[in-house]
Amino acid sequence: MRRLDHCPNNRPTSEKRADATRPALALLAAAALALAGCAPTSLPTYEAVRGQAQAAMQRVVDELSPDVRVEKNPSDKPFVCEGEGVFYTGQWTVFPPEGFDGQSFVDGLPAALGSDFRTDDRGLELNYPAASFIAPGYSNSTVDVSVLTRDEGVVVDILSTSQCAQRPATEAP
């Protein structure tokens, strides 16, 4: 005599349903894993990368004497980068005190800034003191430092560009 509980059609309905959903759950899990591996990485917020780029610029300013005057370009307009992302570019002009030695300042920056900054040799020959950095300690912002002579005297020009980020919720005018 054959036992009825060994026949698949004679099992309780809840067991039949569990057997039917296992392949569907396995397929769903496999699809989720496959998509997670191919999903684009989410971009940081614009506010976060702007803050990191500005912090990197401030770190350079901190290497100057405390009596410098800093003019920050007020523009906060994001620039388009890959896909739907944007990046921040900031420019600060620093007015050092009389007698400032720009070449010594630029030459000493790599050691002074430490491991949070990596020198980025752009291969350009310039006729003024300048240095370029990538700042891993500041979300890989780039920082360019140039010592220039203008009508108002010697200035330190600091330009920083952030990594690609999400568009801000509201864009500045």
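This is a short talk through one predicted protein model, from its fold to a few single residues.

Okay, some ground rules. We're looking at a prediction, where local features need pLDDT of at least 70, side-chain atom pairs count only at pLDDT 80 or more, and totals for chains, interfaces and linings use all residues. Residues are numbered from 1 along each chain as its sequence is written, and side-chain values use heavy atoms, with hydrogens and water left out.

So, how confident is the predictor? That's pLDDT, its confidence in each residue, from 0 to 100. The protein chain averages 82, and 75% of the residues score at least 70. Among the elements, helix H3 (residues 102–113) has the highest mean, 97, while helix H1 (residues 13–38) has the lowest, 46. A contact, by the way, means heavy atoms within 4.5 Å.

Now the fold. The protein chain has 3 helices and 8 strands. Those are DSSP runs, numbered from the N terminus: helices (H or I) need at least four residues, strands (E) at least two. Going from the N terminus, you get α-α-β-β-β-β-α-β-β-β-β. If you take contacts with a separation of 6 or more, 59% of them join residues 24 or more positions apart. Of the 173 residues, 29% are buried. Buried means under 20% relative accessible area, exposed means over 50%, and partly exposed is in between (1.4 Å probe, protein chains only).

Next, which cysteines form a disulfide? Cys81 and Cys164 do, with their sulfur atoms 1.9 Å apart; the cut-off for a disulfide is a pair of cysteine sulfurs within 2.5 Å. A search of the whole structure finds 1 of these. The link of Cys81 and Cys164 is right-handed, with 85 degrees about the S-S bond. Cys81 sits in the loop between strand E2 (79–80) and strand E3 (86–87), and Cys164 in the segment after strand E8 (153–161), so the pair ties together parts 83 residues apart in sequence. Are these two buried or exposed? Both Cys81 and Cys164 are buried.

Stay with strand E8 for a moment, and find Thr161 there. Thr161 is partly exposed, at 22% relative accessible area. Leaving out residues up to four places away in sequence, Thr161 touches Phe87, Tyr88, Thr89, Ser141 and Thr142. Tyr88 is 73 residues away along the chain, yet the C-alpha atoms of Thr161 and Tyr88 are 5.6 Å apart.

Most residues other than glycine have a negative phi. Here, though, Ser139 has a phi near 55 degrees, and Asn140 has one of about 60 degrees. Ser139 is partly exposed at 26% relative accessibility, and so is Asn140 at 45%.

Last stop: the largest pocket, with about 330 Å³ of space. Of its 15 lining residues, the closest to the centre are Arg122, Leu126, Ala130, Ala131 and Ser132. Strand E6 (130–135) and strand E7 (141–150) each supply at least two lining residues. The lining divides into 6 nonpolar, 4 polar and 5 charged residues.

Terms used. pLDDT = per-residue confidence, 0-100. 1 Å grid on protein atoms, 1.4 Å probe; cavity = no way out; pocket = protein on both sides within 12 Å on 5 of 7 lines; lining within 4 Å. Points joined across faces, edges and corners; volume = space filled by probe spheres on them. Nonpolar A, V, L, I, M, F, W, Y, C, P; charged D, E, K, R; others polar.
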